[in-house]
Amino acid sequence: MEERRAVFVQYKCARDDGRFYHRSDTNFASELDRMKLIPGIAPCVNLQENSIAALRLCRCPVFVKVCRKTNSRSGQKVADSVYFPVCVVEHLCRRPKPASITLRDRPHFTNEQFQELVRGGFVGSTPTQSDAINDHLVRMSDDARLKLIFEEFA
C-alpha cells in the first residue's frame, strides 16, 4: 500500500557540550523560515502556544535533528542525537537564554522513538498534504532539473 507520506529532517551538529548555537548559524533563521513554509505547518496549533509545556504531538512532517559527535572508547565516532518537530524548534529559538538548543531540551524524540513513529505511520505528511508539498517544492525550486524530477514523481 502506498502511504504517500513525506518526512523532512534538517540536521544540525551540536558542539561537544551538546549544544547547537542556532544564533551563530548564519543560515539557520532562513532555513527555519523555509521549513515553516512547507504546506500544513502554518496551521499547527503548537505555533500558537505560548509555553513549551503546552506543546503536544502534531502533524508537522518537518524535524530538526540535533547531533553530537563523541568519541567512543573504541575510537569510532558515535552520534548522539534527538529530533525536534519544527514547531518545537520555533519555541526553543524564541527563548532569550540560552541561545542554543541542547540534546536535553524537551520535548524531543530519541532516534528509536522517531524511527518507530515513522514506521508506525504516526509521523509524516498526510496524502493530501503530500500533494500540496509536492506542488510547493515544484513552485519553489529554481532548478529546472529538480522540477522535472518532482513532476515525474507526481
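**Helix packing and salt bridges in the predicted model**

Helix α1 and helix α2 (residues 86-94) pack at an angle of about 140°, with their axes 10 Å apart, where axes are lines fitted to C-alpha atoms, for helices over the stretch in contact, and angles run from 0 to 180 degrees between N-to-C directions. The structure is a predicted model, in which local features need pLDDT of at least 70 and side-chain atom pairs count only at pLDDT 80 or more, while totals for chains, interfaces and linings use all residues. Residues are numbered from 1 along each chain as its sequence is written, and side-chain values use heavy atoms, with hydrogens and water left out. Helices (H or I, at least four residues) and strands (E, at least two) are DSSP runs numbered from the N terminus.

The two helices α1 and α2 are therefore oblique to each other, given that angles under 35 degrees count as roughly parallel, over 145 as roughly antiparallel, 65 to 115 as roughly perpendicular and the rest as oblique. Their crossing is left-handed, a term that applies if the near helix is turned anticlockwise from the far one by less than a right angle. In contact (heavy atoms within 4.5 Å), Phe-28, Leu-32, Met-35 and Lys-36 of α1 meet Val-86, Val-89, Glu-90 and Cys-93 of α2. By class, this contact of α1 with α2 comprises 6 nonpolar, no polar and 2 charged residues, with Ala, Val, Leu, Ile, Met, Phe, Trp, Tyr, Cys and Pro taken as nonpolar, Asp, Glu, Lys and Arg as charged, and the others, Gly among them, as polar.

Salt bridges, defined by a side-chain nitrogen of Lys or Arg within 4 Å of a carboxyl oxygen of Asp or Glu, number 6. One of them joins Lys-12 to Asp-25, with the closest N and O atoms 2.8 Å apart; this pair links distant parts of the chain, since Lys-12 lies in strand β1 (residues 8-14) and Asp-25 in the loop between β2 (19-20) and α1 (28-36), 13 residues apart. Lys-12 is buried at 8% relative accessible area, and Asp-25 counts as buried at 19%, where buried means under 20%, exposed over 50% and partly exposed in between (1.4 Å probe, protein chains only).

In helix α3 (residues 111-119), Glu-116 and Arg-119 lie 3 residues apart, about one turn of the helix, and form a salt bridge whose closest N and O atoms are 2.5 Å apart. Salt bridges that share partners join Asp-33, Lys-36, Glu-90 and Arg-94 into one network.
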